[in-house]
Structures are given as C-alpha cells and as structure tokens.
Amino acid sequence: MRELFSVILIFCHPSDASSLWTKYKDDFSDDIRRQYYRQHLENNITDSELYNKCLVLIEDFVLNLGGNNLKEYGLPTPTRSGGLLENREYLKETSYDLNALQEIVLQNEPSLTEEQRFVYKQTLNSIKLNLGKCIFLDAPGGTGKTHLINILLAKVRSSYGIAIAAASSGIAATLLHGGKTAHSAFKLPLNLNTIEIPTCNINKQSNMANVLKKCKLIVWDESPMSHKKGFEALNNCLKDLRNSNLLMGGVTVLLAGDFRQTLPTVPRGTRANEIAACIKSSYLWPKIEKFSLTKNMRVHLKGYKTAEQFSELLLKIGEGKYPECEEKITLPTGLGTVVNTLQELTYKIYPGIENLKEISIDWLCERAILTSKNDTAGEINKILLGSFQAKKWNTDRCIRCWK
C-alpha cells in the first residue's frame, strides 16, 4: 500500500495528498507496528513515532522512483534518526505473514522424503546450534529441491529469523519465496571472470550489511552456474561484516544445484576454463558438506514410468555414462512422440482446437509448448490463432492480446 501511495504521489498528482495520508496512515503503518511488537525493541511506540517511520519508508520509495521530498507533495516531512526499523531491507526480510508461514510448514513437513528430511534437519540443526555449516545439495531435476528450500525458508522466517533466498538466474529466483538473483542480493561484481580479488559492494554501515549480520540462513540455488569467485567474495564479505574468521562468517549457507546441467559461463573460454571457474575448483569446496537427493518426486508421488525412464536417461547423460556417437546422443524409442513439423506439434499438444467453438481457460492452462526462440514462438502462435473456428471478433481480440 505504501508503494502504491508513492506511485500515486509521483504519477497521478493528487490534489489533496494530505487527506489521503490522514485517511489511510493507519493502514500504511500497520506492519511497522507489528514489527515493533514482534522484535520487542521498545515496550511502547507512540503514534507520532509510528507515522514518522512510515513516512520515512514512503519518502525513500518516492526518491527511488525519481520523485521529490514529501514536503513537495504537501505531506509532513519525516524526521530521520537512524535505527534498525528505518532499514527497508530489514523490514522486507522480517515482515512476512507468520501465520501463513507456519501453515506452509505444517502442511508440507510431513510430505518430505527421507532424503529431504535428512537435509532439512541438518540445516535446522546447524542454525539452532550456531554451527555455521556450509552445505551443498546435489539435486538433479525433479527431486524436490525447490520444494525443500521453500519449506526451510518458511521454517526459519516463521521463527522470527532472517533467511535470504538467492539464485544464480532470475528464473530460478522467482521459484523461491522472497528470492533474488545472487548479484542483486549480495552486490557481486559483474566482472568475476577478470577481477583478481572479488569483493561484495556492501558497505559495513549499509542497510544490507545489517541484514547480513542478523541473518540465520542463506540459500543460493543453482549455485553451480555461478563463478567460484562469487562464493569467495561472499565468504570474505560475511567474515568482515560479522567480525568472524569462520566459514561464511558463521552463517549457515545452503548451496543447491546440479553439476550435470549448466557450469559457469566463461566468455571465449575453453572447457578447462569453465571447470576452473566452477565452485569445485575453489578453496572453499573441501570445507563444504555434501548431501544429495536422488528420488524423483514425479515417480515417487505419481508412479509415472515414463518420468522414471526420462530421469534415469538424464542422469546417465549428465554423468557421461550414456553411449554416444560422434558427440550425438540417440534417444531410445518410446521415450516420447517425435513430430516433423510445427503444425503437427500444435495438433498433438492442442488436439481438436480447430473444432472448438469456445476455448476453455482450464483446457489451455493444462498445455504448453516451450521453445528457445521468439521467432518460433510467434510461428506457433500464428498456427494456433489461425486454427480457431470461432467468431471473427474473438479471433481479432486474441490477436490484439497476443501483440
């Protein structure tokens, strides 16, 4: 709501912003009041202090969007006195809905397999006893890695702890609750391939530094994709911020991923350069505990035989145990349906679409075609839109929406 109010101030130019603030200031500051009681930083907080802190957060967001001070919009000017609750990063990491988090934990903890439960307990035990373990979770696709990570994040956050979720790619980050890319979360340098001694661009007195000092768990998903110097930079940064010589500054860190997939990208590099950039080549690797997940969840829960065959095939290819001929792999017959044209593909995925007078949203949501090129996606969309035998108005509307 605060962010929406900030957008209204900048782009909608309300005639009386002060009356909007007066009407909704309790709603804008409700989470801040809860945060005070949760952390027990003070026994009581006056309304004036509460509203002042809310105005500070609104002004910060307005300034980040390129706006002016709140005085320019006819609002009270907040008093800035520093402190933990003026830290937007800290508030963001501690303002989760505790009831929702506890519900996630209660519903999903019983569904963990033995392998997942072992990693789950080891990680929580490290946090509880302040062991500061650094764990690598080797998890091929389909073994429930993301499911396990999200339960861990919910468990830590539901106990008033800070858990930072990061991933090497943006797509992987969206799958984690509160996830960010590793470069954004830890302010990693962009030139990891060329810099000699990498450091995180985090000032010791900054907002992010205060969050890292107090966090109990750091999760880094798809870690094999990242350059080893990124982990070394984070290790040095945490040691400095937390004044500790322990690995990762004594924070429990869970790295997850699959080395059978994508290794770090080295521009104009050879295979040897990619291996040298991998975390396994880092001086940190011997100090990291290794666990693994092997049970495919689609097979475990649904009993799909084709999913089991496909997962075994992927593991063999990733481990170099599958026979190849001139660096080409021949897929076994019966693994999937092979088509020769895009039109044939669309008819396999969307059977009978040309005869449907009304397209069900649920029916469409159950189907998808993935492609790596926008041109191919456009061609597939064109084939599908041309297949509709609905009214011309409906077809035109679909085309306009697609554009």
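**The whole chain**

With the whole protein displayed, begin with its contacts (heavy atoms within 4.5 Å): among those between residues at least 6 apart in sequence, 68% join residues at least 24 apart. This is a predicted model, in which local features need pLDDT of at least 70 and side-chain atom pairs count only at pLDDT 80 or more, while totals for chains, interfaces and linings use all residues. Residues are numbered from 1 along each chain as its sequence is written, and side-chain values use heavy atoms, with hydrogens and water left out.

Along its principal axes the C-alpha trace spans about 70 × 65 × 45 Å. In cartoon view there are 19 helices and six strands, taken as DSSP runs numbered from the N terminus (helices H or I, at least four residues; strands E, at least two). Of the 403 residues, 40% count as buried, where buried means under 20% relative accessible area, exposed over 50% and partly exposed in between (1.4 Å probe, protein chains only).

**Colour by confidence**

Next, colour by pLDDT, the predictor's confidence in each residue, from 0 to 100; the mean for the protein is 84, and 90% of its residues reach 70 or more. Select residues 390-403, where the pLDDT is below 50 and where the model has nine contacts beyond near neighbours in sequence. Where pLDDT is low, the predicted coordinates should not be read in detail.

**The nonpolar cores**

Which residues have the most contacts inside the largest nonpolar core? Select Ile164, Phe186, Leu212, Ile218 and Leu255, which hold that place in a core of 36 residues; a nonpolar core is a set of buried Ala, Val, Leu, Ile, Met, Phe, Trp, Tyr and Cys residues joined through side-chain atoms within 4.5 Å. Elements that each supply at least two residues of this core include β1 (134-138), β2 (163-167), β4 and β5 (252-257), while the largest share, six residues, comes from α12. Centre the view on Ile218, and, leaving aside residues up to four places away in sequence, you will find that Ile218 touches Ile164, Phe186, Leu212, Leu238, Val251, Thr252, Val253 and Leu254. A second, separate core of 29 residues includes Leu98, Ile149, Ala172 and Leu176.

**The enclosed space**

Now look for a cavity, meaning a set of points on a 1 Å grid over the protein atoms alone where a 1.4 Å probe fits but cannot get out, with lining residues having an atom within 4 Å of a point. The largest cavity holds about 60 Å³ of space, a volume being the space filled by probe spheres set on the points, which are joined across faces, edges and corners. Of the ten residues that line the largest cavity, select Arg38, Thr94, Arg157, Tyr160 and Gly161, which are the closest to its centre. Helix α3 gives the most to this lining, with three residues.

Select Asn130 in the loop between α7 (114-128) and β1, where phi is near 55°, a positive value in a residue other than glycine; Asn130 is exposed, with a relative accessible area of 66%. Arg268, in the loop between β5 and α13 (271-277), also has a positive phi, of about 55°, and is exposed, with a relative accessible area of 83%. Most residues other than glycine have a negative phi.

Finally, select Gly352 in the loop between α16 (342-349) and α17 (361-365). Is Gly352 buried, partly exposed or exposed? Gly352 counts as partly exposed because its relative accessibility is 29%. The C-alpha atoms of Gly352 and Pro76 are separated by 62 Å, and these residues lie 276 residues apart along the chain.

Terms used
1 Å grid on protein atoms, 1.4 Å probe; cavity = no way out; pocket = protein on both sides within 12 Å on 5 of 7 lines; lining within 4 Å.
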